[in-house]
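Colleague: I would like to go through how to read helix packing in a model. Please take it one feature at a time.

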Amino acid sequence: MKTAIVILNWNGERMLRTYLDSVKSYRGEAEVIVADNASTDDSVEYLRQNHPDVRLIILDKNYGFAEGYNQALRQVEAEYYVLLNSDIRVDSDWLTPMVAFMDAHPEVAACQPKLLAEHDPTCFEYAGAAGGMLDRYGYPFCRGRIFDSVEKDNGQYDSEMEILWASGAALLVRAADYWQQGGLDGRFFAHNEEIDFCWRLSIAGRKIYCLPESRVYHVGGGTLPKSNPMKTFLNFRNNLTMLYKCLPDAELHKVMRMRWILDYVAALQMLILQRNVGDFKAVIRGRRAFKKWKADFAADRQRIQQSRQAEREVGRLDISILWQYYVRGKRTWFSLTGRR
């Protein structure tokens, strides 16, 4: 099969009941696969009873998002992989323009659709909106979402656009490019893994696009709620690791020094203003965990930098999004860049 739609599931029976039928309604040619990350709910039994036509890959333990997909995709033969969250509703023709675009543009390694919120389809969805970017200090944001400011979708970002990272909630990627980069970094477990992966692709000269002609509707929130110390820990540890791996030599030390300051400011804000002791401790643990395992990524950094095709990749903006957002009040992609 040319295209494989692979849903990584962990205790997501309710989401599968709600959204899997929409994925199966796709009118094009694609194999639908659910890879189960050692769920303890009735997901597997539900699939066997109600969706015998869906291929089921059962993993022996919960590998997390990153390594879970690596383990599953090693068992899938296709030209294109589609990594799709279980909490996504799709239109029946959502995938067709993405596959056609990839067929016509061999220089493009991966793409994403426009992500809209399932609870309010007039709004972009936090996890990917209309394509992901990074600021100079490694803070991710999207065309359509900056920090917690999510825009209404009024068609303002309906143009195809090269981006830095595509959301792992709905990511189409060439199998050859996936394995050329060694897949997602399984050590991340979850969070920032798709940004790290797409950044590595971009460094190596491959392109990432958002194709708003294709639309999907995402519940969002994932396995962990938005305010969760484990999520905070993973985000800080993995983001710092990604920066260490991917930043060019000329920027690395300056950015990491500034991030030390910004991360501790963020931690103090969580403690003093938000009275959130759990997230405060999670930031500290995340920084310590990065320092502890940093040496494990030295060879990765060397290999990634040797593959570098340009000093700065498309979608990595030379601005501080914190300054622009909190000081200058610029809370939309258009106000930041003047671009649609």
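Colleague: Which elements cover the buried residues of helix 1?

Modeller: Keep in mind that this is a predicted model. The cover of the buried residues of helix 1 includes strand 1 (3-9), strand 2 (31-36), helix 2 (43-50), strand 4 (80-84) and strand 5 (88-90). The residues being covered are Glu-13, Met-15, Leu-16, Tyr-19, Leu-20, Ser-22 and Val-23.

Colleague: What span should the 12 residues of helix 1 have at 1.5 Å a residue?

Modeller: The expected span is 1.5 Å times one less than the number of residues. For helix 1 (residues 13-24) that gives 16 Å, and the end C-alpha atoms are 16 Å apart, so the two agree. Helix 9 (residues 277-293) can be read in the same way: with 17 residues, its first and last C-alpha atoms are 24 Å apart, close to the expected 24 Å.

Colleague: Which helices do the buried residues of helix 9 pack against?

Modeller: They pack against helix 7 (229-246) and helix 8 (249-272). Among the buried residues of helix 9 are Asp-279, Val-283, Arg-287, Phe-290 and Trp-293.

Colleague: Is Thr-241 buried or exposed?

Modeller: Buried means under 20% relative accessible area. Thr-241 has 0%, so it is buried. Thr-241 lies in helix 7. Leaving out residues up to four places away in sequence, Thr-241 touches Phe-188, Phe-290, Trp-293 and Phe-297.

Colleague: How does Pro-229 count at 36% relative accessibility?

Modeller: Pro-229 counts as partly exposed, and this residue also belongs to helix 7. With residues up to four places away in sequence left out, Pro-229 touches Gly-278, Asp-279, Ala-282 and Arg-285. Pro-229 and Val-283 are 54 residues apart in sequence, yet their C-alpha atoms are 8.4 Å apart in space.

Colleague: At what angle do the axes of helix 7 and helix 10 cross?

Modeller: The axes cross at roughly 50° and come within 7 Å. Angles under 35 degrees count as roughly parallel and those from 65 to 115 as roughly perpendicular. Helix 7 and helix 10 are therefore oblique to each other. On the helix 7 side the contact is made by Leu-243, Tyr-244, Lys-245 and Cys-246, and on the helix 10 side by Ala-298, Asp-300, Arg-301, Ile-304 and Gln-305.

Colleague: How many residues of that contact are nonpolar, polar and charged?

Modeller: Five are nonpolar, one is polar and three are charged.

Methods: Residues are numbered from 1 along each chain as its sequence is written. This is a predicted model: local features need pLDDT of at least 70, side-chain atom pairs count only at pLDDT 80 or more; totals for chains, interfaces and linings use all residues. Side-chain values use heavy atoms; hydrogens and water are left out. Helices (H or I, at least four residues) and strands (E, at least two) are DSSP runs, numbered from the N terminus. Buried means under 20% relative accessible area, exposed over 50%, partly exposed in between (1.4 Å probe, protein chains only). Contact means heavy atoms within 4.5 Å. Axes are lines fitted to C-alpha atoms, for helices over the stretch in contact, and angles run from 0 to 180 degrees between N-to-C directions. Angles under 35 degrees count as roughly parallel, over 145 as roughly antiparallel, 65 to 115 as roughly perpendicular and the rest as oblique. Ala, Val, Leu, Ile, Met, Phe, Trp, Tyr, Cys and Pro count as nonpolar, Asp, Glu, Lys and Arg as charged, and the others, Gly among them, as polar.
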